[in-house]
Amino acid sequence: MPAADLLLTGARVRTLDPSLPEATAVAVTDGVITAVGDAGGLRELRGPGTETVDLTGATLTPGLVDAHSHPVMGLDMATGADLSAVRDLAGLRAALAAAERTEGWVVAWGLDHNAFGGHPVDRALVEEALGGAPAFVRLYDGHSALVSGAALERAGITGPRAFSQRSTVVCDRDGRPTGHLIEHAAMDLVAGLLPRPSYAERRTRLVGLLSQMAATGLTGAHVMDLGDGSVPGLLASVEEVTDLPVRLRLAPWCMPGADEVALDELVRLQSEAGRLWRVGGVKFFMDGTVEGGTAWLEHPDCHGQGTEAFWPDPAAYTEAVHHLHRNGVGTATHAIGDAAVRHVLDTVAALGESGRLRHRIEHIETVPRALAARFAELGVIASMQPTHTAYTRADHTDEWSRRLGDERASRAWRCRDLRDAGAFVALGSDWPIAHYDVRQVLATARLRRLPGAYDTEPVTAEQALTGLMALEGCTSHAAVAAGEQAYAGRIAVGHRADLTAFGLDPVEAPADELGEAPVRLTVTGGRIVHCS
Ligand SMILES: [Zn+2]
């Protein structure tokens, strides 16, 4: 066997490989794990060029993956003033008044619906603070925005619009736009006018962001978008000069109205790849968000909303998924409401045995028990974001819970029921919807509240995962969600050398400590991308 490029010794190695669950040393050559064992057994792999890292006191796990993230689109989404700390209307007005103007625009993101204190989202509430500036304020869910009168004027929006997807320019009783734009088609009318950073700036910011992600222990991300189409070019140009700190797997969107030509283009895109990125799978939306009134529910929410699918013709969605499936393409569908989840499960069920472990559902925020059980039966992968529970409150006084009512709010994010039923549950952040720090994802999956938030009551506490289940969600189960389980998600010979070492044991240490656990080492594709 050739000498190793990298030899990691002295660690407690949690391999997640049932044939050899624990070890203390790992050897890596050419980006692949070539031996797992102990330092003595691996000594002969040490050559003159071998880099040896002593990980005494650390726990080494398979590289952590964020199974739902938007690192590239998020760079554009997370621009301007960060409003994630705003709690009420006074705070919102103050933040907007103080926000920097870029080419005259106020751009902001991360606003929690709860800041409106139950008022409808309306520009009248903030116009004075903006002093006539065009403004584009993204709500935290990424599926809606509040824009000012000046922004509406620049976009030429004077009343309702019709779209081929379920998207709305919200108008008042007199037909005047309130500034609330729901879903991407409506948001894009204004988003397209915003000042945009240069290509070089985006490239620098992307590498910076991915390095910060790697510093939390991430080695990979399932990117649930292909941005504006310039992303493959952007990634290729990064790889001309350096390696990506985090491996990316990107799923382009299939939107309502997609015809045969569009579907075949999505199939063709699957072959686009670089060294540490590739296009893999296709992302669909079956609905929007609970807070936006666009989740597809079996019964309306408390405002009488939420009874419609994002695809005006859900059968057309099913046809599109089946077309991609026949062409060997896996799919990931955003489905938050119970009706949306049911429709996706029915779509996969119609594929029979060949549909197993090929398709996944993203978010799954409120489903009855019987629906949760079907994931394991059908082999549909559940992709969940534990940190989103922090946008709700255990006492149901938040916007999400109020809209759904007690019964549906009490079945929030059933991670544990899905696991106990035998489903694969991949975990992610949905950054920039929530923080990308994977330690927070792991900790919140176990706590059902953010680590360190000792005063916060856990949301549906019985849905907490064990430490091992949480780790599997970001490793072995994430690998299944990507169809990569034959060579990723475990520490085993022949697997990718994507590895993470923490200063504590992420399985057994108290979850509150995990939130700020030291990340000793992050290795992506055999290369050390973070070390402390
Ligand atoms: Zn997302």
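Predicted model: local features only at pLDDT ≥ 70, side-chain atom pairs only at ≥ 80, totals over all residues.
Local features were kept only at pLDDT of at least 70 and side-chain atom pairs only at pLDDT 80 or more, while totals for chains, interfaces and linings use all residues. Residues are numbered from 1 along each chain as its sequence is written, and side-chain values use heavy atoms, with hydrogens and water left out.

Start with the inside. A nonpolar core here is a set of buried Ala, Val, Leu, Ile, Met, Phe, Trp, Tyr and Cys residues joined through side-chain atoms within 4.5 Å; buried is under 20% relative accessible area, exposed is over 50% and partly exposed lies in between, with a 1.4 Å probe and protein chains only. The largest such core takes in 98 residues, and Leu248 and Phe375 have the most contacts inside it. Leaving aside residues up to four places away in sequence, Phe375 is in contact (heavy atoms within 4.5 Å) with Val341, Leu345, Ile361, Ile364, Val380, Ile381, Ala382, Leu418 and Ala423. Another core, of 21 residues, lies apart from it and includes Ala99, Val126, Ala135 and Leu146.

Helices (H or I, at least four residues) and strands (E, at least two) are DSSP runs, numbered from the N terminus. In helix 7, residues 231-241, the buried set is Val231, Pro232, Leu234, Leu235, Ser237, Val238 and Glu239. These buried residues pack against helix 6 (199-215), strand 16 (247-250) and strand 17 (277-279).

Further along, strand 24 (residues 519-524) and strand 25 (residues 527-531) run antiparallel, joined by four bridges; pairing calls for at least two DSSP bridges between the strands. Leu521 has Cys531 as its bridge partner in strand 25. Two residues sit between the strands of this hairpin, and Gly525 takes a positive phi near 60 degrees.

As for cysteines, there are zero disulfides, a disulfide being a pair of cysteine sulfur atoms within 2.5 Å. For Cys474, the closest cysteine sulfur belongs to Cys415 and is 11 Å away, so it is too far for a bond. Cys474 counts as buried because its relative accessibility is 1%.

Lastly, the holes: a cavity is a set of points on a 1 Å grid over the protein atoms alone where a 1.4 Å probe fits but cannot get out, and lining residues have an atom within 4 Å of a point. The whole structure has three cavities of 30 Å³ or more. The largest cavity has a volume of about 200 Å³, with grid points joined across faces, edges and corners and volume taken as the space filled by probe spheres set on the points. Its lining has 22 residues, of which Asp141, His143, His334, Asp430 and Ile433 lie nearest the centre. Helix 1 (73-77) and strand 18 (282-285) are the elements that give two or more residues to that lining.

Notes. 1 Å grid on protein atoms, 1.4 Å probe; cavity = no way out; pocket = protein on both sides within 12 Å on 5 of 7 lines; lining within 4 Å.
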